[in-house]
Amino acid sequence: MTKQLSNIQEHGFDWYDISDPTREQLDVLARRYWLHPAQINDCLQPGHLPKYEKMDGCSFIIFRIHVDAGSKNADSMLELTDKIAIFFAEKFIITVHKDEQPFMLALGRQVASNRCRSSAQLLNQILYSSLVTYQRPLDGLSRTVDHYEEVVFLRPKKISMLKGLYHLKRRIDLVRRMLILSYEIIDFVDSETGNVDTRDTRDEYVKLQHMFDVLSEDIHQLLNVYFAAASQRTNEIIRVLTIFSVFFLPLTFIVGVYGMNFHFMPELGWKLGYPGVIALMIAVTVLIFQWFKRRKWL
């Protein structure tokens with residue numbers, strides 16, 4: 001659906017907002033504003049990564065905003081983000097996206113009330129609003145990382161976390177990749193020195209990038225701690241089993257020797273042979289126990 005949210009006669013620039021675009025809708029605007037066919041093709045690719053390019057006097061931007069995936073295990077780009085394509089020039093701006101975005105309606109009201117006086121100012125507001133969509137998931141991911149930190153350090157045996165940590169790591173790394181690929185776009189918008197509005201957009205971008213970098217480091221450390229704790233628990237189990245085997249190995253040897261039942265074994269005819277072997281086994285056990293205590297292995 002195509003909406004014209006501003007026109008050049010009243011506001012100084014045309015703004016067309018297209019949701020769930022078709023090839024025919026884009027071709028109409030492409031002929032009117034001399035848009036490049038390759039850029040039109042990029043608009044129709046839902047999985048396109050962020051990019052910025054300038055061609056024939058028109059800047060073309062693809063930005064990805066964060067959306068509610070509806071599943072805690074969602075960790076792919078198409079599940080967590082939505083694409084917004086922007087054609088930008090001094091006299092027009094065209095935004096293309098799949099679903100209706102609430103902040104676009106709010107920006108449309110700003111343009112109608114003449115609070116956005118140029119296409120460059122509107123572009124900055126669109127990118128700023130797109131960056132803000134990452135704030136809520138950032139808060140949620142921070143709380144989730146804090147929860148896993150508590151579980152890893154305080155309750156390591158209460159919950160199986162590897163799957164949850166895997167999906168959390170995937171989501172954080174995906175958002176970091178989207179922000180890194182968007183740097184050129186932010187650099188283009190904030191190319192004019194002394195512009196407070198675009199500086200706010202860059203500051204928001206830098207803040208988000210820094211916070212997601214911190215989350216990424218935290219989740220990698222949590223994974224390392226998790227594997228170290230799991231390895232330590234395994235080592236403790238092996239240590240206990242090893243201690244048991246050390247106790248029973250000589251006892252098994254003694255039992256094996258006297259279980260051979262050869263006819264000419266002098267001990268088999270002893271009246272005190274059985275209690276003597278039992279006493280020997282107890283003595284061996286006590287000696288091993290004292291040796292372990294002296295070595296501080298118990």
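**Helix packing and pockets in a predicted model**

User: Let's start with the pockets; how much space lies in the second largest pocket?

Analyst: This is a predicted model, and in it the second largest pocket holds about 280 Å³ of space. It is lined by 17 residues, of which P46, D82, K83, H97 and K98 are the closest to its centre.

User: Which elements give two or more residues to that lining?

Analyst: Those elements are helix 4 (77–80), strand 5 (81–88) and strand 6 (92–97), and strand 5 gives the largest share of the lining, with three residues.

User: And how do the lining residues of that second pocket divide by class?

Analyst: The lining of the second largest pocket has seven nonpolar, three polar and seven charged residues.

User: OK, what volume does the largest pocket have?

Analyst: The volume of the largest pocket is about 540 Å³. There are 23 residues in its lining, and S71, K72, L141, T144 and R171 are the ones closest to the centre.

User: Which helix supplies the largest share of that lining?

Analyst: Helix 7 does, with seven residues. Helix 7 (135–154) and helix 8 (162–181) each supply at least two residues of the lining of the largest pocket. By class, the lining of the largest pocket is made up of nine nonpolar, eight polar and six charged residues.

User: Since helices 7 and 8 came up, at what angle do their axes cross?

Analyst: The axes of helix 7 and helix 8 cross at roughly 150 degrees and come within 11 Å. With angles over 145 degrees counted as roughly antiparallel, helix 7 is therefore roughly antiparallel to helix 8.

User: Which residues make that contact?

Analyst: Helix 7 contributes L141, T144, V145 and Y148, while helix 8 contributes G164, L165, L168, R171 and I172. These residues of the contact between helix 7 and helix 8 divide into six nonpolar, two polar and one charged. L141, T144 and R171, listed in this contact, are also among the residues closest to the centre of the largest pocket.

User: Left-handed or right-handed, that crossing?

Analyst: Helix 7 passes helix 8 in a left-handed crossing.

User: How does helix 8 pack with helix 10, parallel or antiparallel?

Analyst: Helix 8 and helix 10 pack at an angle of about 155 degrees, and their axes are 9 Å apart. That angle makes helix 8 roughly antiparallel to helix 10, and helix 8 passes helix 10 in a left-handed crossing.

User: Which residues of helix 8 and helix 10 meet there?

Analyst: From helix 8 the residues are L162, L165, L168, K169, I172, D173, V175, R176, L179 and I180, and they meet Y205, L208, Q209, F212, D213, L215, S216, I219, H220, L223, Y226 and F227 in helix 10. By class, this contact of helix 8 with helix 10 has 15 nonpolar, three polar and four charged residues.

User: And what about helix 6 with helix 10, how far apart are their axes?

Analyst: The axes of helix 6 (residues 119–132) and helix 10 (residues 196–258) are 9 Å apart, and the two helices pack at an angle of about 20 degrees. As angles under 35 degrees count as roughly parallel, helix 6 and helix 10 are therefore roughly parallel to each other.

User: Which residues make the contact between those two?

Analyst: On helix 6 they are Q121, N124, L127, Y128, L131 and V132, and on helix 10 they are D197, T198, D200, T201, E204, Y205 and L208. This contact of helix 6 with helix 10 has six nonpolar, four polar and three charged residues.

User: Changing topic to the backbone, where is D20, and what is its phi?

Analyst: D20 is in the loop between strand 2 (14–19) and helix 2 (23–33). Its phi is near 50 degrees, a positive value in a residue other than glycine.

User: What about W34, is its phi positive or negative?

Analyst: W34 has a positive phi of about 55 degrees, although it is not a glycine. W34 is placed in the loop between helix 2 and helix 3 (37–43).

Methods:
Residues numbered from 1 in each chain as written. Predicted model: local features only at pLDDT ≥ 70, side-chain atom pairs only at ≥ 80, totals over all residues. Heavy atoms only, no water. Axes fitted to C-alpha atoms, helices over the stretch in contact; angles between N-to-C directions. Helix = DSSP H or I, 4+ residues; strand = E, 2+ residues; numbered from the N terminus. Parallel < 35°, antiparallel > 145°, perpendicular 65-115°, else oblique. Contact = heavy atoms within 4.5 Å. Nonpolar A, V, L, I, M, F, W, Y, C, P; charged D, E, K, R; others polar. 1 Å grid on protein atoms, 1.4 Å probe; cavity = no way out; pocket = protein on both sides within 12 Å on 5 of 7 lines; lining within 4 Å. Points joined across faces, edges and corners; volume = space filled by probe spheres on them. Left-handed = near helix turned anticlockwise from the far one by under 90°.
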